[in-house]
Amino acid sequence: MPTLRSAAAPSSQPRSSSSPSSGSSPLQGAMGGGQKSLSTASSLYVSVPCDDRDLDQTSEEGGSDSLSAGEGSDFEDNLSHNMKKRAAKRPLKTTPVAKHPKKGSQMVRGHSQKRSEAPASDLFDAVKAAKSDMQSLVDEWLESYKQNQDAAFLELINFFIRSCGCKGTVTPEMFKKMSNSEIIQHLTEQFNEDSGDYPLTAPGPSWKKFQGSFCEFIRTLVSQCQYSLLYDGFPMDNLISLLTGLSDSQVRAFRHTSTLAAMKLMTSLVRVALQLSLHKDNNQRQYEAERNKGPEQRAPERLENLLEKRKELQEHQEEIEGMMNALFRGVFVHRYRDVLPEIRAICIEEIGSWMQSYSTSFLTDSYLKYIGWTLHDKHREVRLKCLKALKELYSNQDLTARLELFTSRFKDRMVSMVMDREYDVAVEAVRLLTLILKNMEGVLTDADCESIYPVVYASNRALASAAGEFLYWKLFYPECETRAVGGREQRRSSSSQRTFFHLLLSFFVESELHDHAAYLVDSLWDCAGSRLKDWESLTSLLLEKDQNLGDVQENTLIEILVSSVRQASEGHPPVGRVTGRKGLTSKERKIQVDDKVKLTEHLIPLLPQLLAKFSADAEKVAPLLQLLNYFDLNIYCTRRLEKHLELFLQQLQEVVVKHAEPSVLEAGAHALYLLCNPEFTFFSRVDFARSQLVDLLTDRFQQELEELMQSSFLDEDEVYNLAATLKRLSAFYNAHDLTQWELYEPCYRLLRKAVDTGEVPHQVILPALTLAYFSILWTLTHLSGTGASQKQLLSLKDRMVAFCELCQSCLSDVDPKVQEQAFVLLSDLLLIFSPQMVTGGRDFLSPLVFFPEATLQSELASFLMDHVFIQPGELGKSHSQEDHLQIEQLHQRRRLLAGFCKLLLYGVLEMDAASDVFKHYNKFYNDYGDIIKETLTRARQIDRSHCSQILLLSLKQLYTELLQEHGPQGLNELPAFIEMRDLARRFALSFGPQQLQNRDLMVMLHKEGIKFSLSELPPAGSSDQPTNLAFLELLSEFSPRLFHRDKQLLLSYLEKCLQHVSQEPGHSWSAVTTYCHSLSPVENPAEASPQGYPHSKKRRIEGSSRQNREDMSSSSPEESLQLNSILPTPTLTSTTVKNRQPLGGLEEMEEEGGSESELIQGHLLSGNQRSRFLNQQHFQTPFNPSGPGLGNRMTRLSLMEEDEEELEIQNESGEEWQDSDKHSSLSKPGLDLLDTIELNFEDF
């Protein structure tokens, strides 16, 4: 198809709008421009000085990416000068779409035909409902077209217009007299732009299936017309012209819908062209066969008919190519880089389908370049469509040879998309590269592959699984390929499986990309799960005597074994890998159950052998013991495998006695716990084995303890043995109830000696502390479940108190590990034995409730300062310390801090101790910011007032420490002081935007801060500033949270307080200046809407007394601190009087429901009006219970107060900042906000 190929590569030079040339509207049947009119139509798309290759070039200047239909649209290129009426609705012979009209087609349609306009909504409603068969709907339209062509075509046009969401229609008069640009401009004016939704994007169930029905209608229309109307120039030419014009519109709905219609129309035409191509090939074969016959057998009439048929097919093919050229050049070339990503995605999706279905014409570099350029698109959906289109092409091996040039040009981009920020795009990129790897040998280099390998460890499972499949086909499949024999897959040989595991080991060990093989196993599970579940090969490799595996390879192979067993048994990926799936299907659950049975039956006999072989290596034994977690333990009974259970218990005892590593002991204790289930028939055997093991460990402990108690010196071996025995007992005490062995008393004796003499090594103290701790918890468990006597409860409490005293003594131990362990155990015990233990109907445990003494609380806080809030340079390690050790230390410190904060929040410690935590909020924000923030939030929920006092206390403590260290001179210039200001700012921000709720807290905080700043006055007669005066600068960070009136009153209060301080005349202190400036009467914009919401338009009628305000303003400073609840009216708010009407009498104002706040808008009142208002001594509005916005709780709030109260109700705040009495009467003056915080000047 030379015509189509030549049109496929439009110039990539910058385009500019051309001046319109003469011609009539295509909607009037005149296609005078011929080939140029359609094939170059959209080349007049708005000019952007850029190259087609750049997908980020789309200009948004002017708010549109294309010219409007009425401003020289491209499809009007040759039609705008001559606006003659159409004499005959027929295509000219020069039209590119129908160069040779089919014989017998109706060329002339007289005006005498009936022009009854069909309802425009019938076709649209039928497609939208999608209740009837689409083919029947198209057949009905074709039948109506045969009866009245103009009316039917108008109905089709209006169907597309309605599908765009436009309520306008094209009438016969418009169709007859108006040009395309005028019609589209008219429709644009009628378009309802109030809503951004249109049928393709509208929400709701009725619109969800519309796009599918819309596309199906177009496909069916072309399919039904391919033997008739498709080659009649009138309908298709005009439809293409209409869609081309609409796709060039500024209106998004027009552009989006018409582009979708045009691309689906193009796709249908491609199918027709493909059918024509097949018919031509068949015709050619028939003609050749007939011509090659002998003269006697040859039929001249058949040859003539075949020649006529070939000529007709050629004409049809040329017409179809003309239509496709028009659509491609007029729509695709411009819309594939539209500003709307949905439009770009449509274009890319459709061109991919053209290449796949009609590769002969479209699978060329001139078309592929559009997909290659769009791989750089900014929008996820467009990139995704590109990759999916390419996947369909690369999956066909017959097409890959024609993709070589494209692959070499855009391979780097495809490889880089593996790291795309959108996971689904990255997944498709990896799958595409997998297809390239399979079907194009040698294209991907080793460097390309190495950039994909690390993705197998990605956190997203879909991406990791796709990378695992790539890895399998690259490294494993060529070496482990299975061949089909006799139509059946040959059973994998043991050598093939061994090769697979050796390659897997080599990749994991040599790549050094990750430390955990579980993630590699999960990545390969979907593509190589059957190989990974070959536990026979795995165990045979591990049990071989002459294996050539190193220590690291053995460890890795054991980890692969455990990971594959876990994956098959549990059916979910390892921790930290996201799947996005909610659960397993019934088929997957069945496979999971079957796999669990298979692995259990295979591994139960082999597990004792594996433990026996690797019993000396802790790194290998610990994961092997974890295998029991994934067994179906009932198989021990059902399959009569008790003898293997006995072997396992023997090996377990040997492992426990041999090792003292926590990982091995925890795994062994947990494995024994799984077997100690009373429901199992073999429980008695396991319980006996457990008793034997504990007896052995207890006897050793008693013997070694006596040696320690009797001697003052122990050698290293004796210390190691005692510590190892205690670790073993502690690990088993954690999982099993060992109360009957009475281990608390010997542990207490050991710890008492350690505290009294200091001769016990810390290796022994640590497990002894843990062992005593578990003993107390198990005893509490017994007493909580039964009716315990008072004696038993008091005995347990005595033990607990004595143990807490030991832990308190250990807080001052020289070894930091002992200190941290004692702190952790203390935190847990104090929390467990706090008052909350009696909740839930457990009042009988009340004798166990324990409150720590002040000395213990002080020591806990001191420990926190010494071990948690330390600078990185104080860790005791060099900067060459490994990163993972630093992270472990940080986690340990966070654990200590979290334990202390829980004690604060649960009331075990005094809340004031939280100041030791809060004062480090800013300095250690990166390490502990989340913990401290959560503690601060919870503390505020418990007691808002107390929490604000603690914040102020934190600042006081920091200020005092800095003052003692540096003195009062130049204090505010120190870096530490600047950090304190930052901390104060962060504290202020923590109060949130609820100014009204925090009003009393802010005033109280400022009052206490002023008192502290003036608490230490200089000697009488001295002009030095008070020692704590610089604290006012910290206090100024809270000033933006104050209301305007509160600022004025606090400023007056400060001035009164400063009168008692000696000061040089004309000299002001900088701290006072800074604080006064923060309290300056510049109204805070937030006060108009204290919670960030717009003012309510409803206003309550206010009845406050102007005389009360004047009396208050003329009173003494002490009385002025009695803050009235009436807030000042803002000078300008969103609720100011909109109608500037002259103020009438008082009665008129009352009738209009005006408020005092409306009247004091000075900038809205004239001088006479303002003075007349200010002369009012008393203004009161009568109470109107039926008035809008009024209720039983009518108050005398001003405009701002009313708005703030409404916002408070909106926020559903359950805390009241005002006494309820102030709402009870209109005549009663508002109560003082500071009733509970009297400001006494005698304090100074």
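These legends describe close-up views of one predicted protein model.

The model is predicted: local features need pLDDT of at least 70, side-chain atom pairs count only at pLDDT 80 or more, and totals for chains, interfaces and linings use all residues. Residues are numbered from 1 along each chain as its sequence is written, and side-chain values use heavy atoms, with hydrogens and water left out.

**View 1. The whole chain.** The protein chain holds 53 helices and two strands. Helices (H or I, at least four residues) and strands (E, at least two) are DSSP runs, numbered from the N terminus. Of its 1244 residues, 51% are buried. Buried means under 20% relative accessible area, exposed means over 50%, and partly exposed lies in between (1.4 Å probe, protein chains only).

**View 2. Helices H19 and H21 side by side.** The axes of H19 (residues 423-439) and H21 (residues 461-480) come within 8 Å and cross at roughly 10°. Axes are lines fitted to C-alpha atoms, for helices over the stretch in contact, and angles run from 0 to 180 degrees between N-to-C directions. H19 is therefore roughly parallel to H21; angles under 35 degrees count as roughly parallel, over 145 as roughly antiparallel, 65 to 115 as roughly perpendicular and the rest as oblique. Residues making the contact (heavy atoms within 4.5 Å) include Tyr423 and Val430 of H19 and Phe470 and Trp473 of H21.

**View 3. Helix H38 and its cover.** H38 (residues 883-905) has 23 residues and should span 33 Å at 1.5 Å a residue. The expected span is 1.5 Å times one less than the number of residues. The end C-alpha atoms of H38 are 33 Å apart, which agrees. Among its buried residues are Arg893, Phe900 and Cys901. Their cover includes helices H36 (816-832), H37 (854-867), H39 (915-918) and H40 (925-942). Just after H38, Gly907 takes a positive phi of about 80°.

**View 4. Asp522 in helix H23.** Asp522 sits in H23 (residues 517-532). It counts as buried because its relative accessibility is 0%. Leaving aside neighbours within four places in sequence, Asp522 is in contact with Arg461, Gln567, Pro573, Pro574 and Arg577.

View 5. Arg640 is not a glycine, yet has a positive phi of about 55°. Its loop runs between helix H28 (635-638) and helix H29 (642-658). Arg640 is exposed, with a relative accessible area of 71%. Glu742, also other than glycine, has a positive phi near 50°. Glu742 lies in the loop between helix H32 (716-735) and helix H33 (744-757). At 62% relative accessibility, Glu742 counts as exposed.
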